[in-house]
Amino acid sequence: MIECAAEPISEALIRQYDVSGPRYTSYPTADRFVEAFTAQDYALALEQRRSGASALALPLSLYVHIPFCESLCYYCACNKIITKHHDRAAAYLRYLSREVDLHTRHMGVGQPVSQLHLGGGSPTFLSDDELRDLMGLLRRNFKLVPGGEYSIEIDPRTIDAQRLDVLAELGFNRLSFGIQDFDPAVQKAVHRIQPAEQVFELVAAARQRGFESVNADLIYGLPEQTPESFDRTLAQIVELKPERIALYAYAHLPERFKPQRRISSVEIPTAAAKVSMLARSMAAFMAAGYVYIGMDHFALPTDSLAIAKRQGRLHRNFQGYSTQPDCDMIGLGVSSIGRVGATYSQNAKTLEEYYDFLDQGQFPIVRGLALSRDDLVRRAVIMALMCQGRLSYESIELAYLVNFKEYFAKELETMAAQAEQGLVVMEDSGIQVTTKGWFFVRAVAMVFDRYLQTDRTRTKFSKIL
């Protein structure tokens, strides 16, 4: 039983919504991208942004994908390359430079950037000098504005206090630590050994160096986990007290992700055990004073993410919840996804194809989507629910010239059942997600997903809970 402000959330309700569904880092979701969207379409979107009135008024968000890892984590579903040959990074950075040059050719130098995230893979696979080269490349071509969020994903096994000095020197102000679980048996089962003491020392060192925020990534549902063993990890995380926590459910899809074939299905916790882990995690974090942001994110009340939620300023992009204004995102590197104007795009997923495009002087775009008017209306609805928890019919009607109750008549009928469960309050003027409903906000948003209405095959998505 999870206590919320109004009433407890039963495990029965959690079980009902323990189904697969999109995370809505975009709408339409990335599985709807098509190969008919080409590099030429992307270049046109950049040109339109450059000539648009809001080009310099709305800062960009940058995502840079560094695919390399030294060792394989069996649970991982990310686009990565396992190698101990660090010389491969030098070639990759050269091609990243070519990709940046293509962007500045179409949109100009000096576009303001208020959010930067280095993900992977393991960005800390790069040496200190390579990180300096990368940040120098970005600063020469973009303007990183004061007060922005500049974050990097950290593999604790690849960094020490001296490397934290370098990250601070380069302007990073936020760190995300991949922890997953502190239990030694679980770490052995997923091939990721990292003692808790190592993480605690690094987080302490990060705070000494003035980093504004530390995020901890956790995964429940991993092999060898039990509710009791995960309770011990939760207690350690509460003691560590990161400013943000991301709690993800492990999705075992060995037919899609080859590394997961090394995990025996018999070692994976039962559905009942996973539900128990989720319920206990939520209870533990909220008892420790964390604010539930939505879906799988928690933050301390003083963190900018919690403040943005209180002030109704949350947004979502391909990195999840964000405090930054709704803005275009440039994705750099192999497999990266971006958003420019009313388009989404994704780069080639293999190094060979990525390099080949750039050798030909072309953007490495292999698929994407130009959003229709219906897509734009539904995106506005879904993002309002996911981020603000509040939807005003009038705001949608004024922005998109539709009669909301007529346009979404079928969806409102479906939502009536969620209102009866106490997940939303349906008013004449709009929809309000309740405190209880925040735990199931993906299910609330899914009601308005036109693609799911015609395609009920959701196994490609992660579980809602």
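## The loop at S335

S335 sits in the loop that runs between strand 15 and strand 16 (337–340). In this predicted model, S335 has a positive phi of about 70° although it is not a glycine. The residue is buried, with a relative accessible area of 11%, which falls under the 20% cut-off.

Q180 also has a positive phi, of about 70°, and is not a glycine. Q180 belongs to strand 8 (residues 174–180). Its relative accessible area is 8%, so Q180 counts as buried.

## H65 and its surroundings

S335 is one of the contacts of H65, a list that leaves aside neighbours within four places in sequence and also includes N79, Y92, L332, G333, V334 and S336. H65 is part of strand 3 (residues 60–66). With a relative accessible area of 4%, H65 is buried. The H65 side chain comes to 2.8 Å from the backbone oxygen of N79.

G120 and G121 are also among the contacts of H65. These two glycines are joined by a cis peptide bond, with omega about 25°. G121 is located in the loop between strand 6 and helix 4. Another cis peptide bond runs from Y27 to P28, with omega near -5°. P28 is found in the loop between helix 1 (11–16) and helix 2 (39–51).

## Helix 4

Helix 4 (residues 128–141) has 14 residues, which at 1.5 Å a residue should span 20 Å; the C-alpha atoms at its ends are 20 Å apart, in agreement with that value. Its buried residues are E130, L131, L134, M135, L137, L138 and N141. They cover an arc of only 150° around the axis, and therefore lie on the same side of helix 4. D129, D133 and R140, on the other side of helix 4, are exposed.

Several elements cover the buried residues of helix 4, including strand 3, helix 3, strand 6 (111–120), strand 7 (142–154), helix 5 (161–169) and strand 15 (329–332).

In soluble globular proteins, nonpolar side chains tend to be buried together. The largest nonpolar core here has 131 residues, of which L116, L134, L138, L167, Y321 and F448 touch the most other members. Helix 3 (residues 88–107) supplies the largest share of this core, nine residues. Apart from it lies another core, of twelve residues, including Y74, C76, L222 and I263.

Beyond its neighbours within four places in sequence, F448 is in contact with residues that include Y27, R378, V381, I382, L385, F404 and F408. E411, M415, I431 and Q453 are also among the contacts of F448.

## Aromatic pairs

The whole structure holds 19 aromatic pairs. In one, Y95 and Y355 have ring centres 4.0 Å apart and planes at 20°, so the pair is stacked. Y95 is in helix 3 and Y355 in helix 11 (residues 351–359), so this pair ties together parts that are 260 residues apart in sequence. Both Y95 and Y355 are buried. Ring pairs also link F68, Y92, Y95, F125, Y354 and Y355 into a cluster.

In a further pair, the rings of F318 and Y344 have centres 5.7 Å apart and planes at 80°, so the pair is edge-to-face. F318 lies in the loop between strand 13 (315–317) and strand 14 (320–322), while Y344 lies in strand 17 (residues 343–347), 26 residues apart. F318 and Y344 are both buried.

Technical notes:
Residues numbered from 1 in each chain as written. Heavy atoms only, no water. Helix = DSSP H or I, 4+ residues; strand = E, 2+ residues; numbered from the N terminus. Buried < 20%, exposed > 50% of the residue type's maximum accessible area, 1.4 Å probe, protein only. Polar contact = N/O pair within 3.5 Å; in protein donor to acceptor, adjacent residues only side chain to side chain. Contact = heavy atoms within 4.5 Å. Core = buried A, V, L, I, M, F, W, Y, C linked by side-chain atoms within 4.5 Å. Expected span 1.5 Å × (residues − 1). Arc of directions from axis to C-beta. Phe/Tyr/Trp six-rings, centres within 6.5 Å; stacked < 30°, edge-to-face > 60°.
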